[in-house]
Amino acid sequence: MTARHHRRLVLLGGGHAHIEVLRQAARRRFNGGEILVISPSAHSHYTGMIPGFVRGSYKEFALTIDVAWLTRAAGGTFQEGCAATVAADGRSVELENGHVLECDLVSADVGSEPSGWRDVPGVADHAFTARPIERAMALVDAIDHAIERARERGTARDAVAIVGGGGGAVEIAFAIRARAEAAAVSFPVTLIEAEARLLPEFEAAMGQTASRVLRKRSIDVLTRARAAAVTAEEVLLADERRVASTITVWLGGAGPVAVTRNSSLPKDANHFWEVTSTLRSTGGAPVWGAGDCIALRDFPWVPKAGVYAVREGPVLAVNLRAAMAGEADRDAATYEPQQSYVSILDTADGRAIMRWKGRVIRGRVPLWLKSYIDSQFVDRYRPSWRRWPRVGSVSMAGRYVTRAD
Ligand SMILES: Cc1cc2nc3c(=O)[nH]c(=O)nc-3n(C[C@H](O)[C@H](O)[C@H](O)COP(=O)(O)OP(=O)(O)OC[C@H]3O[C@@H](n4cnc5c(N)ncnc54)[C@H](O)[C@@H]3O)c2cc1C
């Protein structure tokens, strides 16, 4: 009788898909080896709720997922760290501290970083962004200081510019406007978008509704405007226009993080790891991936959005479970991206804009729905004693989270 091979699966990152893998492993342990989770922090934060955090509707704990706890529940080991490269054969991971981990299987769910963050002059020195949470916290501090200065002087000298015109950027613009307004302060807020219209990832109707509400909330929108440099005082555009900004928030599209870029695995033209619909590297190495860091070879149109990472989670869990058991090649589960999904943008005035199957509506119910969906999502990855209170089987999340608006 041969001894069973003991495999080591290394999960890089505590993103949307990996927390589902861990939840599944906590419900029914993976056989065949050990799970090691490497992530820069024991906690992940659900980005869908970061605009609400910036607005002041949520405290940090509301969007926190304890990845180290989930790992323990799954019978695995959590190690704080940052992966620098994954070997092309998937048999080792080098960490940023130089440590090399031998392994049999690797899965990456390391997310993305805003494109231009490293190469546009002045961005890394002067701009804020929304992730990780420490950067969102620094942004909140900067806004609060600007509010204090405006109150002391009786007039606002600060100005905010948000680079990017996607859903996250639009929500952050509304959130900043609302945070200042709640303190009876107003400063100029400008959204800078390189494309011809806002929300290029959605149908035109969503962009039109958002533009109307932005105008109403005195948020300026510049389209066909490419930010080329950032200083402490302004954003310089490629066509040489200048936008005054003492608080610049950089949220331009998704670019690959260093480990995605620097590993010698098959990639698409934008340096994201190319995977088949089983979420395995197209090169055949025992490497899987999900979320923003991958490019689906068969569905290149899939945008970088959390909703896709969430749906990839169960498929990844099935395939990693099989690979741990030595059955990676048998009937792997496949992921087929959803063509449409509900999108809800919080306009930080007690309402939200919702798009579903081509229809766009704005009101209080969409915000309640968003708050409910978001907090239910976070709840799923928490121990029962840390969930939102319930009346019968109904979570009270929506009731609590919209309270600040
Ligand atoms: C403000 C804002 C709002 C958004 N709102 C929405 C929304 O409402 N709906 C939606 O669908 N999408 C939204 N998005 C997009 C969404 O956040 C991303 O698509 C989603 O987070 C990607 O999930 P992921 O699982 O790939 O990675 P993430 O959830 O970003 O997780 C990545 C994990 O990897 C870790 N990590 C990073 N580098 C390393 C490394 N080298 N080694 C180990 N670990 C590493 C990180 O610490 C983190 O734990 C929003 C984005 C922003 C910026």
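**Figure 1. Shell around the ligand in the predicted model.** The shell around the ligand takes at least three residues from domain 1 (7-40 + 81-113 + 255-324) and at least three from domain 2 (123-254); the domain bounds come from an automatic or database domain assignment. In this predicted model, local features need pLDDT of at least 70 and side-chain atom pairs count only at pLDDT 80 or more, while totals for chains, interfaces and linings use all residues. Residues are numbered from 1 along each chain as its sequence is written. The ligand is surrounded by 37 residues, with G13, G15, G111, G168 and G291 the closest; a residue is near a molecule if its C-beta atom, placed from the backbone, lies within 6 Å of it. At least two shell residues come from each of α1 (16-27), β2 (33-39), α2 (50-55), α6 (167-182) and α9 (306-324). Helices (H or I, at least four residues) and strands (E, at least two) are DSSP runs, numbered from the N terminus. The shell comprises 19 nonpolar, 14 polar and four charged residues, where Ala, Val, Leu, Ile, Met, Phe, Trp, Tyr, Cys and Pro count as nonpolar, Asp, Glu, Lys and Arg as charged, and the others, Gly among them, as polar.

Figure 2. Contacts (C-beta atoms, placed from the backbone, within 7 Å) link 14 residues of domain 2 with 11 residues of domain 3. On the domain 2 side, α6 and α7 (204-216) each supply at least two residues, and α6 gives the most, with seven. This side of domain 2 has nine nonpolar, two polar and three charged residues.

**Figure 3. Helix α7 and its surroundings.** The 13 residues of α7 span 19 Å from first C-alpha to last, close to the expected 18 Å (1.5 Å times one less than the number of residues). M206, G207, T209, A210, V213 and L214 of α7 are buried, with 20 or more other C-beta atoms within 10 Å of their own C-beta atom, against 12 or fewer for an exposed residue. Seen down the axis of α7, these buried residues fall within an arc of 165 degrees, so they line one face of the helix; the arc is that of the directions from the helix axis to the C-beta atoms. A204, R212, R215 and K216 are exposed on the other side of α7. Among the elements covering the buried residues are α6, β13 (189-192), β14 (219-222) and β23 (343-346). S218, which follows α7, has a positive phi near 55 degrees.

How values were computed
Contact = placed C-beta atoms within 7 Å.
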